[in-house]
Amino acid sequence: MPRRLVVWLGAEGLDAETAERMRAAGVDEVVVRRGSMNLAGRAPVLRFNPMPPVEGAIPVGIALDVQGVREDLDRAAAEAVWRAIDAELDGSVPAELILDVPRLTESLDEFVTSLTEVSGVSVVPLLSFEQIQREGGIRTATGARTCVLPAFGTDGADLRGVRELGPLPLWKKLEPLAGSGVRIRLAVVLTPRTEPALEGPGDDLDPLTGVTTVSTTSTLDRTFTFETATNWSGRSWKKSDSVAVRWVDAARLNAALTEMHRLVLPEVAGWDLVALPPEDQSLGLGRETLLRYLEGEGPAPIVEVDVRRDGRSVRVSLTNTGPFVTAVSNHGNWVQVSVDKGWIQARDRGSFDGLRLGNARGHDWSEGDQDRFNGVRFSEVYLGPDEEVSSGSVRLPSSSSKVTVSWNLTLSDGSAVTGEVIR
């Protein structure tokens, strides 16, 4: 069966223009969180959130959080739940009903089956890796025949269980379902997370890296410690304040989808992206960047390197011509200028974040406290969307010296964009 791409929506909903772009890019369904249900008592209690505006021709599913479950759920409970949902939907029929079920019970699989039968709508449980290691989770997934499993992306943001079972490979986490016949949808949580939390959508990391020191010793992916008072992401930060950030960019999303594609069993029914970024979010994957990735671009930045020589002087500019970005790295993103014979001089880093002198021998690079250097590396912690950085002047041994300019840009999936020109 064909695999399906499902995108969850936030409170902004979906406008017609974005919906058309998503449909043309292969999005099969969008999902709206509509509220919660509590099944702990004899009568189910459902609470609905307002329906956000959703335009366009893409089918719309709904998701509900199950906040309590009693042990003896039966068909009567399923009928009562569907009556409440049907009344809220006022006759419209959702593409599917996703139930986020944090607690498993003996009768949950029968309830899911009954709810499917009485509604005529596919009911899909959202389970975690730890839940499918237990008999109740396998039984619930088997009864529904399809389930959603949060597998990649930001933990503690939109879906539970993303980092359950730690560093185990994906196939090992899913092994209990391998022979069950269950088709799985693997979810990638795109929503960024910060500590302390931001009040609204975050700004891009580029202005942040220019006023902070970056540490990999972090509660999340990176910690940024401010060297000067700064406004970022709608908040004022004082000198020595710190913010930890976890985010998903196009390279990480691409790596997750690649790993899903390699999975043989259980059968992959598709993938869910959670959630469509707000229009004013630039931290991690912005909306336009995500759409361009789904349309076939990326995930690596497209770079242009301009080498300008004037006698014994050379300057280099590096431009990212698109929305896709590098990893945040203190040492992995650089442009190197070197000569085969003689020594160079460089003092000015220009608009790059750093400058290091050393000796280049082919692809090898060494730094030290020598007085003579044949190379210089201009480093950039993070190359943002549509960003251009330029070096200061590099003094060559002579106006006829052959200059090699090479570059290395590290992506968040561990790959790199590299190149070399000789002038």
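Two strands are said to pair if DSSP finds at least two bridges between them. The strands themselves are DSSP runs of E, at least two residues long, numbered from the N terminus.

Good morning. The structure before us is a predicted model, in which local features need pLDDT of at least 70, side-chain atom pairs count only at pLDDT 80 or more, and totals for chains, interfaces and linings use all residues. Residues are numbered from 1 along each chain as its sequence is written, and side-chain values use heavy atoms, with hydrogens and water left out.

Let us begin with strand β1, residues 4-8. Four of its five residues are buried, that is, under 20% relative accessible area with a 1.4 Å probe and protein chains only. Which strands does β1 join? Four bridges link β1 to β15, residues 268-274, and this pair runs parallel. Here Leu5 stands opposite Trp271 in β15. Three bridges link β1 to β2, residues 29-39, again in parallel. In that pairing, Val7 stands opposite Val30 of β2.

As a general point, strands of a sheet pair through backbone hydrogen bonds, either parallel or antiparallel.

I turn now to an open sheet. Six strands form this sheet in the order β21-β20-β22-β18-β25-β26, with antiparallel pairing. β21 (364-366) and β26 (416-422) stand at the edges with a single partner strand each, so one side of each has no neighbour in the sheet. From one strand to the next, the twist averages 25°, where axes are lines fitted to C-alpha atoms and angles run from 0 to 180 degrees between N-to-C directions.

Within this sheet, β20 (residues 354-361) and β22 (residues 375-379) run antiparallel and are joined by five bridges. Leu355 stands opposite Phe378 in β22.

Technical notes: Buried means under 20% relative accessible area, exposed over 50%, partly exposed in between (1.4 Å probe, protein chains only).
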